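Please open the structure in your viewer and keep the selection tool at hand.

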Amino acid sequence: MKTRKHIKNLNFIWLMFAAVACTPTQGEVAPGAPGQAKEYQVISIKEQRATLDKSYPAVLEGQQTVEIRPRVAGYIEEILVDEGAYVKKGQVLFRLNANDIEANVRSAEAQVKVAEAQVATAKINVGKTKPLVDKNIISKFELESVQSTLKAAEAQLAQAKANMENAKANLQYTKITSPTDGIIGNFPYRVGSLVSSAIAEPLTTVSNTTNMYAYFSMNEKDFLKLTRDLEGANLQEKLKSIPDVSLVLADNTTFDATGKVETASGLVDQQTGSVNIRASFPNPGFLLRSGSSGLVRIPEHLEAAILIPQKAAYELQGKHFVYVVGEDNKVVNTSVEVLAGNLKDYYVVTSGLKVGDQVVIEGITSLRNQTPIKPKLTELSSMNESGLAANSSRN
């Protein structure tokens with residue numbers, strides 16, 4: 001019994017010693033005690049310039065796409081180009097069998113010679129008849145008769161020459177040439193195929209892709225927002241004031257050359273509520289092809305935007321929140337609205353923050369509402385290593 005009591009006394013003395021050792025001395029604050037605050041980097045909200053790129057799905061077409069069809073019937077004798085080749089205006093693409101048409105040309109030339117002989121004979125008859133009429137040897141009726149015969153012969157000559165020219169033209173049509181510079185399409189018909197002007201499919205197409213047209217649609221609300229504040233007396237002048245646009249290709253790379261918005265339809269589609277728009281892009285390397293798809297990006301310059309780093313916000317149930325430094329340096333969980341899309345490093349805040357607010361920009365996962373902190377003010381510009389251009393992909 002004495003031993004047990006002695007052990008209890010020793011345990012009590014040890015607990016008292018531990019309590020005294022763990023008690024902070026005067027002037028110290030225990031870890032986690034009220035009043036102790038951890039340092040967090042914050043930014044002071046300012047308005048600044050920013051550029052948003054709004055993207056719209058687009059279909060590309062060459063500035064000129066021509067269907068190549070034969071004007072005369074015949075068998076394809078020779079194909080002089082390959083699919084996908086670049087051709088010049090006037091270059092021969094196909095050659096049709098011309099035997100029948102050459103025979104028609106020779107026949108037409110013979111008819112011209114016959115008609116010329118008839119005209120010559122009629123002129124001789126007129127020349128012989130006229131003196132006899134002048135001497136009253138024969139009546140004027142005879143002269144009028146031979147003159148009419150001459151006119152008929154001349155008309156037949158004219159018709160024969162027209163037939164000959166038509167036959168020669170048909171002979172030229174057996175050589176099918178390109179009406180423009182461009183890229184050759186596919187060949188549905190091959191050597192030996194019988195073709196005519198009535199064939200269902202064209203022989204091929206030629207696409208002039210020196211300049212490319214990107215066709216896209218914009219809803220009426222965005223279109224009004226885009227054009228309302230632009231300079232110009234009419235819509236066409238306003239469209240010229242739109243900054244150069246860029247083109248994102250199917251592999252998500254940006255096309256080297258920028259383009260210009262040129263035209264917009266005069267009607268709003270009643271079914272979709274959208275406006276059809278066309279932008280033009282130069283295509284010096286012929287990288288762009290007709291039928292391709294992409295995204296047209298139209299820049300929107302904001303003169304007084306509120307930007308925050310993406311890491312300063314977190315998302316919960318589809319909403320974005322930030323921690324704003326409030327009274328007594330306690331953070332307040334604040335809901336903000338940001339532009340949705342593919343923003344690079346920053347969010348553009350449309351509501352929830354005002355100029356002068358201080359927002360925590362790092363370590364927000366360790367914060368809770370009303371947590372006291374020690375704010376360390378940091379300039380936003382010093383953290384922006386990639387510029388303040390924000391890219392937003394919104395349809």
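**Stop 1: A loop residue**

Begin by selecting asparagine 252, which is placed in the loop between strand E10 (246–248) and E11. The model is a predicted one. Although asparagine 252 is not a glycine, its phi is positive, at about 70°. Is this residue buried or exposed? With 65% relative accessibility, asparagine 252 counts as exposed.

**Stop 2: The largest nonpolar core**

Next, select Phe216, Leu247, Ile277, Val296 and Ile298. Of the 25 residues in the largest nonpolar core, these five touch the most other members. Then colour strand E2 (47–68), strand E9 (204–219), strand E11 (260–264), strand E12 (274–282) and strand E13 (293–309), each of which supplies at least two residues of this core. In soluble globular proteins, nonpolar side chains tend to be buried together.

Keep leucine 247 selected and display its surroundings. Neighbours within four places in sequence being left aside, leucine 247 is in contact with Leu60, Thr253, Thr254, Phe255, Phe281, Leu288, Leu295 and Val296.

Another core, of 18 residues, lies apart from the largest one.

**Stop 3: Paired strands**

Now show E9 and E12 together. These two strands pair in the antiparallel sense, over 9 bridges.

How many bridges join E11 to E12? There are 4, and the two strands run antiparallel. Lysine 260 has serine 280 in E12 as its bridge partner. Strands of a sheet pair through backbone hydrogen bonds, either parallel or antiparallel.

**Stop 4: An open sheet**

Move to the open sheet of 4 strands, whose order is E6-E5-E3-E8 and whose pairing is antiparallel. Which strands stand at the edges? They are strand E6 (175–177) and strand E8 (194–195). Each has a single partner strand, so one side of each is left without a neighbour in the sheet.

Within this sheet, select strand E5 (residues 92–96), which is joined to E6 by 3 bridges, the two running antiparallel. The bridge partner of valine 92 in E6 is threonine 177.

**Stop 5: A buried threonine and a loop phenylalanine**

Select threonine 209, found in strand E9. Its relative accessibility is 2%, and threonine 209 therefore counts as buried. Beyond its neighbours within four places in sequence, threonine 209 is in contact with Gly62, Ile183, Asn283, Phe286, Leu288 and Ser290.

From that list, pick phenylalanine 286, which is found in the loop between E12 and E13. Phenylalanine 286 is not a glycine, yet it has a positive phi of about 55°. At 26% relative accessibility, this phenylalanine counts as partly exposed.

**Stop 6: The largest pocket**

Finally, turn to the largest pocket, which holds about 340 Å³ of space. Select Lys225, Leu226, Pro299, Glu300 and His301: of the 16 residues that line the pocket, these are the closest to its centre. E2, helix H4 (220–228) and E13 each supply at least two residues of the lining. Which of the elements gives the most to this lining? E13 does, with 4 residues. Coloured by residue type, the lining divides into 8 nonpolar, 2 polar and 6 charged residues.

Terms used. Residues are numbered from 1 along each chain as its sequence is written. This is a predicted model: local features need pLDDT of at least 70, side-chain atom pairs count only at pLDDT 80 or more; totals for chains, interfaces and linings use all residues. Side-chain values use heavy atoms; hydrogens and water are left out. A nonpolar core is a set of buried Ala, Val, Leu, Ile, Met, Phe, Trp, Tyr and Cys residues joined through side-chain atoms within 4.5 Å. Buried means under 20% relative accessible area, exposed over 50%, partly exposed in between (1.4 Å probe, protein chains only). Contact means heavy atoms within 4.5 Å. Two strands pair if DSSP finds at least two bridges between them. On a 1 Å grid over the protein atoms alone, a cavity is a set of points where a 1.4 Å probe fits but cannot get out, and a pocket is an open set with protein on both sides within 12 Å along at least five of seven lines; lining residues have an atom within 4 Å of a point. Grid points are joined across faces, edges and corners, and a volume is the space filled by probe spheres set on the points. Ala, Val, Leu, Ile, Met, Phe, Trp, Tyr, Cys and Pro count as nonpolar, Asp, Glu, Lys and Arg as charged, and the others, Gly among them, as polar.
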